[in-house]
Amino acid sequence: MIITIVGGGSTFTPGIVTSIALRQKELGVTEVRLYDIDGERQSKVGVVVDWILKDMKSPIKLTVTTDKKEAYTDAKFIFAQMRVGKYAMREQDEKISLRHGVVGQETCGCGGMAYGLRTIFPMIEMIDDVEKYAAKDHWILNYSNPAAIVAIACQKLRPNARIINICDMPIAIIEMIGKCVGIKDYTNIDVDYFGLNHFGWFTRMEYEGRDVAAEIRAYAKEHGILLPKEHIEALKKHEATGDRHANQSWIKVWTNAARLMELCPEYIPNTYLTYYLFPKENVEHSDSNHTRANEVMETREKALFEGVDRYLATGEIDKKVFYAGAHGNFIADLAVALLGDEKKKFIIIEPNNGKVPNLPDDTMIELPAWITKNGPELIGIEPISTFYKGMIEQQNACEHLLVEGAIEGFYTKVLQAFALNKTVPSIEVAKEVLDEMIEANKAYWPELK
């Protein structure tokens, strides 16, 4: 059985392959293929992956290729994590936004829409190539961001694609806040959740009879932040926590999440809601000359590729240079569940189709689902209340307009999407940001008329 990783040159690839190798027998996987259009970058990541498989004494064969036919032929699973424009364009997204006084973030606000416009058509091309070459019963498990926009485009343009859109952020949040109340076995925390991708709320959290949500509310009230105590102490000393969601740039995010729980105590928010509900505060806290993209390039990216060079020169590798954890485990566990018809619960992104009764059917909703061999079965919930419904409807309209504008090549619809986004204060600001982003993205965006 073959698993192909699209975006094989990602710094997340070593962690995903580690998770695959740990489940080799459950998956029955015989070969992992790394596929990327940047052969030089991918070859370096391939060095680390090769070392991992040998270190684990894994029987899995590794193939590294820039040829799509070789990548996809007879593949059962395609793990997609493409980043069109790489971190250089993420940096532009963030800095252009901040120059105009609006949130500069990878998947939220104007930055997220810019990233989405770059990703829509490469994703459709990938779906078509997979359909042409892969096993007929293949599954595409898609991590490519911004997941909500990508999911809408796939549903509109390729509604019959065998694709499940996912995000590891709900799992990362469960893991982090579980640690706040002493729960290390985060995979057994049972939750209910609803929303859009990076735009949702946990309505219930339980662990072995414990009401974790109530404990988290008490913890947030006491500490004013949703990070575990050991991370708080490490960050005070400017020490590394070893967690990619617990570094200096995330302090404000987890602090705002605690503040959101104080202001809206009904549910536990996805951390990304901070960008929509505290846009002014986020801009004021940001450095328009040094954004999160710069931090990633200077840390995770730099560490991995310097680690590869060191390994090639000395034969020694530091496992700390690559991230392994919930990100890789989530996608590998989803593949196991599909193969085994496990009917296990995962939070995924699918068309609503009445599962949230008072939202449109074509909303790409993020909800828990039972995973079977035939795909996901969303778990429906009761109608949601006015505040959450209004928030979701506004964001959903923004994302649908953006996708329609991309497909039609229609400038006005894309402008309306930017203006409708909750992070943007006026249509004049929306136009200023959009026009500058058009210039920056000439090599990537569809032409808008």
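**Rings first, then helices**

Seven residues make up one aromatic cluster: Phe194, Phe199, Trp201, Tyr267, Tyr276, Phe387 and Tyr388. This is a predicted model. In total, the structure holds 15 aromatic pairs.

Take the pair of Phe199 and Tyr276. Their ring centres are 4.8 Å apart and their planes meet at 75°. Planes over 60 degrees apart count as edge-to-face, so this pair is edge-to-face. The pair links distant parts of the chain. Phe199 belongs to strand E8 (residues 199–207), while Tyr276 belongs to helix H12 (residues 273–277). The two residues are 77 residues apart. Both Phe199 and Tyr276 are buried.

Trp250 and Tyr272 form another aromatic pair. The centre-to-centre distance is 6.2 Å, with 90° between the planes, and the pair is edge-to-face. Trp250 sits in the loop between helix H10 (229–236) and helix H11 (251–263). Tyr272 sits in the loop between strand E10 (268–269) and H12. The pair therefore ties together parts that are 22 residues apart in sequence. Trp250 and Tyr272 are each buried.

Rings also meet charges here. The charged end of Arg162 sits over the ring of Trp139, 4.2 Å from the ring's centre. Lys76 lies over the face of Phe77, at 6.0 Å from the ring centre.

Now the helices. Helix H5 covers residues 86–99 and has 14 residues. From first C-alpha to last, H5 reaches 21 Å, close to the 20 Å expected at 1.5 Å a residue. Is H5 enclosed by the rest of the structure, or open? Of its 14 residues, 10 are buried, so H5 is largely enclosed. Gly101 follows H5, and its phi is positive, near 80°.

Helix H8 (residues 169–180) has 12 residues. At 1.5 Å a residue, H8 should span 16 Å; its end C-alpha atoms are 17 Å apart, which agrees. Because 11 of the 12 residues are buried, H8 is largely enclosed by the rest of the structure. The buried residues of H8 include Met169, Pro170, Ile171, Glu175 and Cys180. H8 is followed by Gly182, with a positive phi near 80°.

Key:
Residues are numbered from 1 along each chain as its sequence is written. This is a predicted model: local features need pLDDT of at least 70, side-chain atom pairs count only at pLDDT 80 or more; totals for chains, interfaces and linings use all residues. Side-chain values use heavy atoms; hydrogens and water are left out. Helices (H or I, at least four residues) and strands (E, at least two) are DSSP runs, numbered from the N terminus. The expected span of a helix is 1.5 Å times one less than its number of residues. Buried means under 20% relative accessible area, exposed over 50%, partly exposed in between (1.4 Å probe, protein chains only). Rings of Phe, Tyr and Trp (its six-membered ring) pair if their centres lie within 6.5 Å; planes under 30 degrees apart count as stacked, over 60 as edge-to-face and the rest as tilted. A charge sits over a ring if NZ of Lys or CZ of Arg is within 6 Å of the ring centre and within 35 degrees of the ring normal.
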